Amino acid sequence: MNKVLIEWKHLDVGGETCDRCFDTGTTLQKEVRRLNDGLQTKGVQVEWFETKLDKEDISQSNALYLNGKLIEEIIPIEITESYCGSCSDLLDEKTYCRSVIFEGQQYEDIPAMAIRKAVFMVLEMKDEGPSVLMMPGF
């Protein structure tokens, strides 16, 4: 069985995270379910876990590692930094954190298509399109 292990690093302040990290986590959870549903018959399993960061590691917040490699080292995704009001509220100071540019669009969270593309690159498999990987109800 082929396996892809995804580590999601994000800020955690008393059990709370910022809005953009929360959105990435929600997207990651849904996308891993879709991927597993579509790739199970091909002998592939995708798992994820989170690493909670504190204020000192904010520059690593909202980062994804696939089998130990940063997503931006796997696919063409540009990492940028932008003001994050949610982090600023959590940390009680003006805070800038990771955002991304993927396929010409800027995102505060990491989009599902980027996660899927990175997984297929790690697996050295061709993405057979969303219809193969869609779960009912999504």
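Let's begin with helix 3, residues 112-123: its 12 residues reach 17 Å from first to last C-alpha, close to the expected 16 Å. That expected span is 1.5 Å times one less than the number of residues, and helices (H or I, at least four residues) and strands (E, at least two) are DSSP runs numbered from the N terminus. Please keep in mind that this is a predicted model, where local features need pLDDT of at least 70, side-chain atom pairs count only at pLDDT 80 or more, and totals for chains, interfaces and linings use all residues. Residues are numbered from 1 along each chain as its sequence is written, and side-chain values use heavy atoms, with hydrogens and water left out.

Which residues of helix 3 are buried? They are A114, I115, R116, A118, V119, F120 and L123, where buried means under 20% relative accessible area, exposed over 50% and partly exposed in between (1.4 Å probe, protein chains only). Just after the helix comes E124, with a positive phi of about 55°. E124 sits in the loop between helix 3 and helix 4 (130-133), and at 76% relative accessibility it is exposed.

A second residue to look at is E103, in the loop between strand 6 (96-102) and strand 7 (105-107). Its phi is also positive, near 50°, and E103 is exposed at 57% relative accessible area. As background, most residues other than glycine have a negative phi.

Stepping back, the chain has four helices and seven strands, arranged along the sequence as β-α-β-β-β-β-α-β-β-α-α. The C-alpha trace spans about 50 × 30 × 30 Å along its principal axes. Of the contacts (heavy atoms within 4.5 Å) with a separation of 6 or more, 69% join residues 24 or more positions apart. Buried residues make up 43% of the chain.

Finally, the cysteines. A disulfide is a pair of cysteine sulfur atoms within 2.5 Å, and the whole structure has zero of them. C87 is in no disulfide either, with the sulfur of C18 nearest at 3.6 Å. C84 is buried at 4% relative accessible area, and C87 is buried at 0%.
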